[in-house]
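Here's a quick tour for anyone opening this structure for the first time. Have a look around, then read on.

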Protein chains: 2
Amino acid sequence: MNSMPSPFTLARRAALMNPSIIREILKVTEQPGIVSLAGGLPSADTFPVQAVREATEKVLREHPREALQYAASEGFAPLREWVAAHLATQHDMRVHAGQVLITTGSQQGLDIAAKVLIDAGSRVLVETPTYLGALQAFAPYEPRVVAMASDHEGPLPSALSAAADVAGERARFAYLLPNFQNPTGHVYTEARRAALVNAARTAGLPLIEDNPYGDLWYDQAPPPPLATRWPEGVLYLGSFSKVLSPGLRLGYVVAPHALYPKLLQAKQAADLHTSIFNQRIVYEVVRNGLLDTHVPTIRARYKVQRDAMQAALEKHLSGVVQWQRPVGGMFFWLELPAGIDAMALLPKAVAAGMAFVPGEPFFAEAPLRNTLRLSFVTVAAAQIETGVAALAKVLKEAG
Amino acid sequence: MNSMPSPFTLARRAALMNPSIIREILKVTEQPGIVSLAGGLPSADTFPVQAVREATEKVLREHPREALQYAASEGFAPLREWVAAHLATQHDMRVHAGQVLITTGSQQGLDIAAKVLIDAGSRVLVETPTYLGALQAFAPYEPRVVAMASDHEGPLPSALSAAADVAGERARFAYLLPNFQNPTGHVYTEARRAALVNAARTAGLPLIEDNPYGDLWYDQAPPPPLATRWPEGVLYLGSFSKVLSPGLRLGYVVAPHALYPKLLQAKQAADLHTSIFNQRIVYEVVRNGLLDTHVPTIRARYKVQRDAMQAALEKHLSGVVQWQRPVGGMFFWLELPAGIDAMALLPKAVAAGMAFVPGEPFFAEAPLRNTLRLSFVTVAAAQIETGVAALAKVLKEAG
């Protein structure tokens, strides 16, 4: 390592940037022999490898020069058209392809939205708890992040209304994950959606609606997105990561017309454009309706594992921890007995052969330390019970 | 379009973000029948399509799950090792793979460097003229951009020294393109490199060294990078865009140890990681030395076209415009007679059947409006002469 003094002076915002606690945790927990329920990854068993192979061959056979050349910052036009059509048929959203901006994963959507909307000191409102990656994307732009009181249906409309304006200064946006949120798995009811949008519209508070998990429902489809209720007030983020492949890094933003040009400029400054090779491949994969048959197979697989985790929790932890059975997504959210610190519990759990993610990093303010997240999608049903049983044993010893 | 009032409030920085003037120009100029010397693209004829095809097949056959899954923010470890080895053998740089951060094109390297190093009001120093994409990457972080006096070998060391500290406030960095710069094609001599690094080190002024074109030399290889002279003071940016394919969006940053962690956090916040599918493909393409045979074919092709443009300029514009024959890269930089505004000339040139890029957008301060950039890489030699002849005709009419 280098011991020379560094001439670099860091920007003030650099002090607000931190390594992902979860990625650090995963490094510790992903050891051989550990049943890891900590991951936030989809199951690699769901990746449509053959379809990707065929699509890639087609792209390199028919459009090699275009697929390997620079391309438009907005994204591949046929893919933008496909996204608009998909949102119409699957989510009742009526948008133009001209509102669709292809991003390098939906994480980039969070970054460019923050870049365009957050000034140092701006307030932004988030759920309690919320997606850690969004907190990381927002942090470099130096917002004051306000955690809204939330229940198992999402944030309370009264909390949104109360935080929208403080001393005449309006928050820049509320960041919401209505469907099977990471980490809690919660889903907003139709009534909660109506009440939240009503409160936001009344307050003139724009929304960022993040929907990476909306297609992963196991019992019934969730209600339509918030964006259907207030198109000009909602910036909507979607992703191919959970229904096709995260390794291709493809997501999209659907922006109100007034906001689109600035997001496009931010995108252009950030990476010129998202890999056109990847965009063309994904377009070939989805254009003939593969998702119509593929996503139900993911749902069927994950539902079995969701049910296995629910059964294991009922068997081993009923009466000890509190949880809601998630009706979609990838996660269970557990509330441990008061006084138990999940972060302190983790090394004991790893020693006992299982891993989870402590809930603490997901809170923007006032963390509930007696919470943790379990993923049910990457570990087979039998292993899920082994992991939950190990957690129960460790909890019993700690209690 | 939507006529509802927008509830979104833009961040202050959004006013500093602008559409790429060049992309707007290209939309106008890339019409059928126009000899466009305006593009900044490499020639698609140079893309190693068969090698990409074979690499993709191998990746999807041997590592489909890993190639389509989430991956490390630092980048694919074997590719990082390859970059470190490549820089050692090709550019005399001695770096650890642990200093290499894979980025989504080198444009992302500019974005995350700016995010980590620029506060609102920070001064950053650039060449006169400089790469427009860097100005766009820096702008959202609200720097004061200072254009250093430059000649055909790059910025003057005295200008760097003079601008490094102003009233006790040190500039955050100087952004330098020593090899075949876009737009001027200039290359720094060995002596200029030594003098600039000496001046920077004396002033404690870090450097960002951008080297997308360094492998595209036609007469002799350029001197070693500035980073070899001051490893702890130089952030080095590289790219696969000009030697393999820009559509894959793969670049890299080589960071001093002290700076790496913050760049990594900025990268993670920006898009989690660069497509691992693309990283594995490029690794398969380059691991067995393809660049050793492939890059010389690009050089040979571009050299012929460089010579064709030089001959055409000598034939049609000698004594009318000033230029230096570039010894690498993709561009000629022309200085027109005083009083001719290249931006105003462009529509006339397009009407006469050719297109160029006016020099004005490349200047951070005090643009020389009688300058323009010509690319010699995407148009065949015969067409190059047609384009240059048309430019000469239009200039004659304007003069």
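## A strand, a helix, a strand

Keep in mind that this is a predicted model.

Let's zoom in on strand β9 of chain A, which covers residues 173-176.

Which strands pair with β9(A)? One is β3 (residues 123-126) of chain A, which runs parallel to β9(A) and is joined to it by three bridges. Here A:V124 sits opposite A:F173. Another is β10 (residues 207-210) of chain A, again parallel and again with three bridges. In that pairing, A:L176 faces A:E209.

## Two domains

Now zoom out. Chain A is split into domain 1 (19-40 + 292-398) and domain 2 (50-287), and their C-alpha centres are 26 Å apart.

How many residues of each domain are in contact with the other? In chain A, 26 residues of domain 1 touch 25 residues of domain 2. On the domain 1 side, the elements giving two or more residues are α11 (290-317) and β13 (331-335) of chain A. The biggest giver is α11(A), with six residues. Sorted by class, that domain 1 side has 15 nonpolar, six polar and five charged residues.

How values were computed. Residues are numbered from 1 along each chain as its sequence is written. Chains are lettered from A and ligands numbered from 1 in the order in which they are written. This is a predicted model: local features need pLDDT of at least 70, side-chain atom pairs count only at pLDDT 80 or more; totals for chains, interfaces and linings use all residues. A residue is buried if 20 or more other C-beta atoms lie within 10 Å of its own, exposed if 12 or fewer, and partly exposed in between; C-beta atoms are placed from the backbone. Helices (H or I, at least four residues) and strands (E, at least two) are DSSP runs, numbered from the N terminus. Two strands pair if DSSP finds at least two bridges between them. Domain bounds come from an automatic or database domain assignment. Two residues are in contact if their C-beta atoms, placed from the backbone, lie within 7 Å. Ala, Val, Leu, Ile, Met, Phe, Trp, Tyr, Cys and Pro count as nonpolar, Asp, Glu, Lys and Arg as charged, and the others, Gly among them, as polar.
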